[in-house]
Amino acid sequence: MVYRGKPSTGCQNCRSRHIKCDETRPHCRACVRTGRTCPGYPHPLDVMLRDRTAFQRKKSNISKTKAVIATKGRTSSKELSPPLMVSDTTTSPTTASSTSVVSSPKYETSPVSVNFLEALSPSLPSSLFLPLESTVTSLFFNSYLYSPRDPLIRIGFLELVPERYHNALPGSPLHLGTLAVSLFSVSAWTGNHSFLRMAEQFFVKALAKTRVSLQSNLGGNLVETIMAVLLLSIYEEFSAVKEHRIAAKTHLRGAVALINSGYMTQCEDANSQVLTNSIQSQIIKASTAPAFPTVQIPDVWPLAAPIPQCASSQLTAAATGLVNLRQVWDNFASHPELHGTDEINRIYSMAISIDNRFSAWAWVLPPHWAPVQATMIPQSVREAGIFQNRCDCYTEMWTASTWNTYRESRIVTQKIILNCLRLLPNLGTPDKVGNVMSTIQKLATDICAAVPFFLGSQTMSVQLNPYKVEYPQAEERPVTLAHQQTGPLLGGWLILGYLENLCSPDLCLPDEQLAWIKSQMHRIWRIYTFEHRVM
């Protein structure tokens, strides 16, 4: 039976078959039961921002007179839409509505007036009022967390955030931190600077509330407090990107301090294990950045065992040794006069062993994980930027991002190997040095070849209209609906950090490649409305 109560948000397969989709994430049960590949679900903004007359055409009992009235209502929606306020005495006028998931708390800062409906779409009907918090967080959750991804992929503590957020008390550290990250993300996607100001306010409040929580007896709030600290860490990264500076990793260091304090040993449930894995992954990511010094290793390392049958977790396990290697090398590089050749040989042996672990990880991946060279590249994608005519396609963005993590980790390891070979001429023959430099060059070029898959033809913000962007594809890797919808929102965020790290002068990449990489970074800043960044 066809469900006619509202515009369908089910997968395209169920809509084509005219059956009710249960919308189970990441794959609906109807597709799983019949052996079909579930294409994912329409983006929530596709439904919320759909033209009013499109809704009317789906209802057989709507007359032409009502359609005309609806059209007139659209033209006057700007006048009828009252602004949403964030203040110490006023809450959103719609938070009392039964459709609200979380009621708005009272805030203590000066009012910030935002016409949220106009910010998202000037043509949005006035009758489609939604609470600001619910709309922004739903957009963030659906874009970042609920997009289809390979079963071998885990994305960390953010998987826990939606349920915890909806159960959290308004004004709690987790509640405020989630709003700060969500508003910042939506601001970058839409170019709405009012959301950015609101995100900054929520961040300040979340920071203050988290400090109070840490100073009290954590008790049953331990998991939520650590999640709030990790959200603050994400916001810190976002803010550093906007202000073109290196993130101080203050909140990640705070999470490490909580680990060292023994609080996590008091909580042995599944959620605490996910949090521990997330902290471990962030420490590893920090160790791949050129910045010095890196984040200090916790007293107990590694923090967690790999999750079985999870490729991303297995890669994290392989990379735990890289954190030790990076800190040993940084200690040597800061005072080389205090160490002899034995220490260099020890570091070299460590690096070779870790690099072999990375290579072994890549060998055991399933065949569908392997990148496939694009066979159809739209001209718009070529004009946006392709390096050396290389363009690889993947099954989805999270798989591509995991591959880039592998490449970035190996580049750091190979760079340390190269430094050891140069310090010990008897160890480093010209052939060995040449092989290492060729490996670094190949890994860097593989990252560059993934850029068109992430960005497609996008050169600026699409203002939540993803269908303006074209993407490359291979015969066995067509562009999926999920990639079409989420690529314009997340593609730049997922590739940017890898491109930044490739700009390290220690890698000695060709000038032509460095110029191309920097041009793509500028392109990403234009996409997220941060084009004022100077490099």
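Modeller: Accessible areas come from the Shrake-Rupley method with a 1.4 Å probe, and for residues only the protein chains shown count as cover. On that basis the accessible surface of the protein chain comes to about 24,200 Å², of which 55% belongs to carbon and sulfur atoms. This is a predicted model, in which local features need pLDDT of at least 70 and side-chain atom pairs count only at pLDDT 80 or more, whereas totals for chains, interfaces and linings use all residues. Residues are numbered from 1 along each chain as its sequence is written, and side-chain values use heavy atoms, with hydrogens and water left out.

Of the 535 residues in the protein chain, 56% are buried (under 20% relative accessible area, with exposed over 50% and partly exposed in between, for a 1.4 Å probe and protein chains only). A nonpolar core is a set of buried Ala, Val, Leu, Ile, Met, Phe, Trp, Tyr and Cys residues joined through side-chain atoms within 4.5 Å. The largest one has 127 residues, among which F157, W189, I279, I495, L499, L502 and I517 touch the most other members. Because domain 2 (155-306) and domain 3 (310-534) both give residues to this core, it lies between them; the domain bounds come from an automatic or database domain assignment.

Leaving aside residues up to four places away in sequence, F157 touches M227, L230, L231, I234, V274, L275, S278 and Q282, where contact means heavy atoms within 4.5 Å. A second, separate core of eight residues includes C21, A30, C31 and C38.
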